[in-house]
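Look at the model first, then read the points below.

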Amino acid sequence: MLLNAPLHLLIIFFAAGGFLIAFYIRHKKRHDEVLVCPLESNCEAVIHSRYSRFLGIPLELLGLLYYAVVAVSHALFLIFPAFNRGEPVIAVMVITVMAALFSLYLTFIQASKLKEWCTWCLVSALLCTIIFLASLALI
C-alpha cells in the first residue's frame, strides 16, 4: 500500500487543483463577474453556453463534487489501507472514467459547436485525464 502513496498524493493534489478551478468558475458566475481567460479566448461564451449544464446542474457544481469525492476517497485510501479494496475502489474508478470521458466530450463541444476555448475548462479536462491515468496506474 505504501508503494502507491505517491500516486494517491498526486491524485489528491490534482483533484485539489480541479476543485479550485471549479470553485473559481462558480464564484465568478454567482457574482456575475467576468472570468479572466488566459488564452485570450472567450471563456464567458463557454461557461454561459447551453452546454454549461448537465441535467439542469451547472457543470462547475458537478466538478466541485467530482474533485471533492476523488480527493477525499484517495485520502481515505492512504489513511485506511483496508478501505483501498473492492467496491470503494471500483466506485471511484467508475466515477473517474466517467469524468474523463465527459471532459473529452466537453472539449469536443468547445472545438466543434462553440468554436471557443475556455482555458479553465481545458485545464480541468487535463486534470481529469491525469487523475484517470494515475488511477489506472494504481490498478
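Helix α4 gives the largest share of the lining of the largest pocket, 10 residues. The model is predicted, so local features need pLDDT of at least 70 and side-chain atom pairs pLDDT 80 or more, while totals for chains, interfaces and linings use all residues. Residues are numbered from 1 along each chain as its sequence is written, and side-chain values use heavy atoms, without hydrogens or water. Helices are DSSP runs (H or I, at least four residues), numbered from the N terminus.

**Largest pocket**
- The largest pocket holds about 800 Å³ of space.
- A pocket is an open set of points on a 1 Å grid over the protein atoms alone, where a 1.4 Å probe fits, with protein on both sides within 12 Å along at least five of seven lines; lining residues have an atom within 4 Å of a point.
- Volume is the space filled by probe spheres set on the points.
- The lining counts 35 residues, with Leu 59, Leu 62, Gly 63, Phe 102 and Leu 106 nearest the centre.
- α1, α2 (43–47), α3 (59–79), α4 (86–114) and α5 each supply at least two lining residues.
- By class, this lining has 26 nonpolar, 7 polar and 2 charged residues.
- Nonpolar covers Ala, Val, Leu, Ile, Met, Phe, Trp, Tyr, Cys and Pro; charged covers Asp, Glu, Lys and Arg; the others, Gly among them, are polar.

**Second largest pocket**
- Its volume is about 150 Å³.
- Residues lining the second largest pocket include His 8, His 74, Met 93 and Ser 135.
- α4 supplies the largest share of this lining, 4 residues.
- The lining divides into 6 nonpolar, 6 polar and no charged residues.

**α1 against α5**
- The axes of α1 (residues 5–30) and α5 (residues 119–138) come within 9 Å and cross at roughly 160 degrees.
- That makes the two helices roughly antiparallel (angle over 145 degrees).
- Axes are lines fitted to C-alpha atoms over the stretch in contact, and angles run from 0 to 180 degrees between N-to-C directions.
- Phe 14 and Ile 21 are among the α1 residues that meet α5, where Trp 120 and Leu 127 are among the partners; contact means heavy atoms within 4.5 Å.

**α3 against α5**
- α3 and α5 pack at about 30 degrees, with axes 12 Å apart.
- They are therefore roughly parallel (under 35 degrees).
- Tyr 66, Tyr 67, Val 70 and His 74 of α3 meet α5 residues including Cys 128 and Ile 131.

How values were computed. Angles under 35 degrees count as roughly parallel, over 145 as roughly antiparallel, 65 to 115 as roughly perpendicular and the rest as oblique.
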